[in-house]
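Subject: Handover of a structure

Dear colleague,

Please find below the sequence and structure that I am handing over to you.

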Amino acid sequence: MVQSPTWKLGAVSISILRRQFDKTYVAVAFDNNGRAVTLNFILVNSPEGWLISDVESPHDSLRMFLDQFKN
């Protein structure tokens with residue numbers, strides 16, 4: 001997930017924040033064209049395997065953003 005039309009990724013750091021039942025919270029940090037980016041991924045264990053349930057930034061989440069456009 002890149003938040004820019006032009007991008008150049010630097011080193012990526014991934015760490016597990018916590019595990020709760022069927023959910024795992026993962027922090028990801030990277031450099032995007034000279035700008036530090038931190039995202040939290042919420043993963044859920046489903047019958048299909050691990051799926052991304054939501055992506056959170058310090059300001060909002062992908063799920064909250066998409067909820068604005070529901071009919």
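The chain contains one helix and four strands; helices (H or I, at least four residues) and strands (E, at least two) are DSSP runs, numbered from the N terminus. Read from the N terminus, the order of these elements is β-β-β-β-α. This is a predicted model, in which local features need pLDDT of at least 70 and side-chain atom pairs count only at pLDDT 80 or more, while totals for chains, interfaces and linings use all residues. Residues are numbered from 1 along each chain as its sequence is written, and side-chain values use heavy atoms, with hydrogens and water left out.

Confidence is expressed as pLDDT, the predictor's confidence in each residue, from 0 to 100. The chain has an average pLDDT of 88, and 93% of the residues score at least 70. Confidence is highest in strand S4 (residues 49-56), with a mean of 94, and lowest in helix H1 (residues 62-67), with a mean of 87.

Turning to the strands, two of them pair if DSSP finds at least two bridges between them. S2 pairs with strand S3 (residues 35-46) in the antiparallel sense over 10 bridges, and Phe30 stands opposite Val37 in S3. The two strands form a hairpin with two residues between them, and Asn33 in the turn has a positive phi of about 55 degrees. S3 and S4 are also paired in the antiparallel sense, over seven bridges. Here Ser46 has Gly49 in S4 as its bridge partner, and a hairpin of two residues joins S3 to S4.

Which residues make up the largest nonpolar core? They are Val26, Val28, Phe30, Val37, Leu39, Phe41 and Val55, seven residues in all. S2 and S3 each supply at least two residues of this core. A nonpolar core is a set of buried Ala, Val, Leu, Ile, Met, Phe, Trp, Tyr and Cys residues joined through side-chain atoms within 4.5 Å. Buried means under 20% relative accessible area, exposed over 50%, and partly exposed in between (1.4 Å probe, protein chains only). Of the 71 residues of the chain, 23% count as buried.

Two threonines illustrate these classes. Thr24, in strand S2 (residues 23-32), has a relative accessibility of 9% and therefore counts as buried. Apart from neighbours within four places in sequence, Thr24 is in contact (heavy atoms within 4.5 Å) with residues including Ile16, Phe41 and Trp50. Thr6 lies in the segment before strand S1 (9-20) and counts as exposed, at 52% relative accessibility.

Finally, the aromatic rings deserve attention. The structure holds one aromatic pair. The ring centres of Phe65 and Phe69 are 5.3 Å apart and their planes stand at 65 degrees, so this pair is edge-to-face. Rings of Phe, Tyr and Trp (its six-membered ring) pair if their centres lie within 6.5 Å; planes under 30 degrees apart count as stacked, over 60 as edge-to-face and the rest as tilted. Phe65 is partly exposed at 39% relative accessible area, whereas Phe69 is exposed at 55%.

With kind regards
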